[in-house]
Amino acid sequence: MKKVAVFPGSFDPITKGHESVIKRALPLFDELIVAVGQNAEKKSFFSLDQRMSWLQKVFTDIPNVKVVQYSGLTVELCRKLGANYLLRGLRTSADFEFERSIAQINKKLSPEIETIFILTAPEYASLNSSIVRDILRHGGDATQFVPDSIELNSPS
Ligand code: ADP
């Protein structure tokens, strides 16, 4: 059976931390689907189109990475896409506690889906999208924190 994983997130914007997790997870799966969540309660900094197009650009040369958008339950998306794995990254013990409860509830909802965690590379342990957004909000240069191929601009 084809091993398909979904990597869900906000990617607002994609950082080198996300890129690293995706690239390190690639050898484990036949296909990795990066799923950009649309959360009605969470207003994003960058538009969905902008977040999607950056992800597409970063992974354009990797044919087994796909980028989709979704709303609703992540396990429903997995079912629709025929994915049996959910991928998440772990940086801190706070991440662990948060992710553990989500993974355990998802397992109750969809026992066939296994959540796989990849530990952050040490150099990206302090990196997250909200830090990048803060830097941009205050007019700073966040280039070093995002994949080399993307050019950060003002939110659209
Ligand atoms: P969410 O809003 O769902 O947390 P994010 O876009 O912030 O979405 O993160 C998506 C996934 O990427 C999460 O599993 C998160 O833990 C992981 N991630 C984010 N930044 C890093 C990083 N620097 N190192 C490892 N994993 C990361």
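Me: Which residues lie nearest the centre of the largest pocket?
Reply: This is a predicted model. Its largest pocket is lined by 45 residues. Nearest the centre are Pro8, Gly9, Ser10, Lys42 and Arg88.

Me: Which element gives the most to the lining of the largest pocket?
Reply: Several elements give two or more residues to this lining, including E1, H1, helix H2 (48-58) and helix H5 (129-137). One contributor leads with eight residues. That element is H4.

Me: Which strands and helices each supply at least two residues of the shell around the ligand?
Reply: The ligand is surrounded by 17 residues. By class, six are nonpolar, six polar and five charged. At least two residues each come from strand E1 (4-9), helix H1 (16-25), strand E4 (85-90) and helix H4 (93-109).

Me: What percentage of the ligand's accessible area does the protein cover?
Reply: Look at the contacts, then the cover. A ligand oxygen is 2.7 Å from an N or O atom in the side chain of Ser10. A ligand nitrogen lies 2.8 Å from a polar backbone atom of Tyr124. On its own, the ligand has 550 Å² of accessible area, and the protein covers 87%.

Methods. Residues numbered from 1 in each chain as written. Predicted model: local features only at pLDDT ≥ 70, side-chain atom pairs only at ≥ 80, totals over all residues. Heavy atoms only, no water. Near = heavy atom within 4 Å. Polar contact = N/O pair within 3.5 Å; in protein donor to acceptor, adjacent residues only side chain to side chain. Areas by Shrake-Rupley, 256 points an atom, 1.4 Å probe, with all protein chains shown as cover. Helix = DSSP H or I, 4+ residues; strand = E, 2+ residues; numbered from the N terminus. Nonpolar A, V, L, I, M, F, W, Y, C, P; charged D, E, K, R; others polar. 1 Å grid on protein atoms, 1.4 Å probe; cavity = no way out; pocket = protein on both sides within 12 Å on 5 of 7 lines; lining within 4 Å.
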